[in-house]
Number of protein chains: 2
Amino acid sequence: MSHFRSEIGEQPAVAARLLADAAAVEPIAAAIKRAQPMAIMLAARGSSDHAALYAKYLFQARNRIPVALAAPSLFTHYAAPPRLERFCVIGISQSGASPDVAAVLAEARRQGAVTVAMTNAADSALAAAADFAVALQAGQEQSVPASKTYTASLLAIALLSQALDHDPDFQEALEHVPDAMRAALASEDQAERMGKSIAAENLVVLGRGFNLATAEELALKLTETSYVMARAWSAADFLHGPIAIAEDRFPLILVESPGPTLADTRQLAARLHSSGCQVRQLADGTDRLPDATSSILFNSRLPEALTPLSLAVAAQLLAYHLALARGRDPDRPRSLKKVTQTW
Amino acid sequence: MSHFRSEIGEQPAVAARLLADAAAVEPIAAAIKRAQPMAIMLAARGSSDHAALYAKYLFQARNRIPVALAAPSLFTHYAAPPRLERFCVIGISQSGASPDVAAVLAEARRQGAVTVAMTNAADSALAAAADFAVALQAGQEQSVPASKTYTASLLAIALLSQALDHDPDFQEALEHVPDAMRAALASEDQAERMGKSIAAENLVVLGRGFNLATAEELALKLTETSYVMARAWSAADFLHGPIAIAEDRFPLILVESPGPTLADTRQLAARLHSSGCQVRQLADGTDRLPDATSSILFNSRLPEALTPLSLAVAAQLLAYHLALARGRDPDRPRSLKKVTQTW
């Protein structure tokens, strides 16, 4: 079995480990509450940047704290960082080794912001640059495409959100995450069928709200492991121009979860279907999409705000099976190393 | 002549008109200075969202004010907006008619934020929702793909940045913008040649720093007018995974301007070239890229922070000529209307 596939399977155990150690984020939440930051800024690259995108929705929706995503080049190349003394700044990096993410944290700390590193490498430069570090505790990730460190980052974000504003229903849902990931793993036969059914070299992935992050992460995983040109859009942004490419068997994957944006994305799906597009569905907790070319459907019973954790697992399985169907080695994509250092 | 091409040509005059009325942003800057906002949030869709991306770099680098891009669905579908009372919130929309962008401004104003609409429709819902409106004064835009309203939005942002922190060198550069756009218009023969040379259905556009916005806008224009699947990445993000797709005659366009990120993007270009990629170059003020498949080169003599205004004009010319070469009508992309309303 490839490292990628075996690490996908480890995710329920990784999540359970993080949940058991949830108290580790309490002092961080206490420090943030004391500082009363006006906003949170996140710095990250690659898959970790999709975890940051999830945080953009979760911290704003649950904690009402405005969220900005950093432009690292302003800290590195341009030496013109913004004023962050009233911010909480969070850096996310599996390896903790990307100098640009560490540079954002170091500057924010120098200015007096509350700084937090989320990393799988407790002794990394990123952890050293921050006031606080959240250990992702995912164990070594050997596959180049991230899987367990991605969902561990999502869960660390959700635990911090919960520690900032505790809610018993959300707590129950958090504790259900490992089981929800198992429900996603059980959808593997559907992922295999869908992987075999995709022949295109171009593909659009649509999501919205909390699962815009999932759409971005699925697109990146498909690009990394199978070299297809996959691009994610928010279903709303797609209507503002890019929809011009969608006709005539053009392949799209819709990422769905039950929530207030579902009606809109269903309406878009009907429009795409009537234009002759191939619409596929990756969904946790919704009905089968009428006219879908193929579907990956399961029901983890998570509230929508946590479905990015289950849907990411199913998205990884799809990327894995698409790579297998194309005879690619998902562990070692060409041109990539496990640790990417950018400035 | 198509509306798209004739509106591309109007841009020096539109810019001159906005510059002549620069005093209109002074009361807005005064109100922002009085409120001393902790951060700026921008809400926009489509091309206007790329103007917001430019603002993310310009306000942070020149004014040191942190910038966040809004997640409109939190204001509309989820009814869970963040706390924005210490923010300045700017909505950008050519038509001023997208309900989601207006909803962000209305909620921010209700909370006590300083709110600004930038729109080409002075009597729009967006203008009505805000404390202040900046009129883009671009005249009616008849082509569905935006051109002059895009660069007018960039210039409105630059004028507001200047009104917040006045600098005589930047003032001189602002006044040079219409001439810089004329220099870009004079590169049309190069845009025509490059447009004729692109046969691919997939294309990656790379930019960084201030011109990440230009890369995104070029990718959208190519998608809208020629139905190619074009995707922009920051040159740094591209290294964190997506570079796996780039080998073997894969077509990329590098957007360049003279500045501190140029050395990095040149290094990336050499790596892409050695992988056998077709690397094209769209550049204002840099040297010809060795081994480029084709180049659009001019020198507007703008400082890097304003080159998105000249490079956008050249990017529009490339999209126009690619559409012509493919026999498409650039004015009326399939599936699109001029005004897109999303919630």
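**Questions on a predicted two-chain model**

User: Which residues does L154(A) touch, not counting residues up to four places away in sequence?

Analyst: L154(A) touches A51(A), Y54(A), P308(A) and L309(A); contact means heavy atoms within 4.5 Å. The model is predicted, so local features need pLDDT of at least 70 and side-chain atom pairs pLDDT 80 or more, whereas totals for chains, interfaces and linings use all residues. Residues are numbered from 1 along each chain as its sequence is written, chains are lettered from A and ligands numbered from 1 in the order in which they are written, and side-chain values use heavy atoms, with hydrogens and water left out.

User: Why is L154(A) called buried?

Analyst: Buried means under 20% relative accessible area, exposed over 50%, and partly exposed in between, with a 1.4 Å probe and protein chains only. L154(A) has a relative accessible area of 0%, so it is buried. The residue is found in helix α7 (residues 148-164) of chain A; helices (H or I, at least four residues) and strands (E, at least two) are DSSP runs, numbered from the N terminus.

User: What makes the two copies related as by a two-fold rotation axis?

Analyst: A rotation of 180° with 0.0 Å of shift along its axis superposes chain B on chain A, with an RMSD of 0.0 Å. The two copies are therefore related as by a two-fold rotation axis. The superposition is by least squares on the C-alpha atoms of residues with pLDDT of at least 70 in both copies. Of the residues of chain B, A68(B) comes closest to the axis, at 2.1 Å (C-alpha).

User: What makes R231(A) and E216(B) a salt bridge?

Analyst: A salt bridge is a side-chain nitrogen of Lys or Arg within 4 Å of a carboxyl oxygen of Asp or Glu. The closest N and O atoms of R231(A) and E216(B) are 3.9 Å apart, so the pair meets the rule. Across the interface of chain B and chain A the rule finds four salt bridges.

User: Why is E256(A) called buried, and why is R266(A) called partly exposed?

Analyst: The relative accessibility of E256(A) is 1%, so this residue counts as buried. R266(A), at 22%, counts as partly exposed. Their side chains meet in a salt bridge, 2.8 Å from N to O. E256(A) lies in strand β8 (residues 251-256) and R266(A) in helix α13 (residues 262-274) of chain A, ten residues apart.

User: Why does the pair of R5(B) and E188(B) tie together parts of chain B?

Analyst: The side chains of R5(B) and E188(B) meet in a salt bridge of 2.6 Å, N to O. R5(B) lies in helix α1 (residues 3-9) and E188(B) in helix α10 (residues 188-197) of chain B, so the pair joins parts that are 183 residues apart in sequence. Both residues are buried.

User: Why does K196(B) count as exposed, and why is E192(B) partly exposed?

Analyst: K196(B) counts as exposed because its relative accessibility is 60%. E192(B) is partly exposed because its relative accessible area is 31%. The two form a salt bridge, with the closest N and O atoms 3.1 Å apart. Both lie in helix α10 of chain B, four residues apart, about one turn of the helix.

User: Why is R301(B) called exposed?

Analyst: R301(B) has a relative accessible area of 67%, so it is exposed. Its phi is near 65°, a positive value in a residue other than glycine. Most residues other than glycine have a negative phi.
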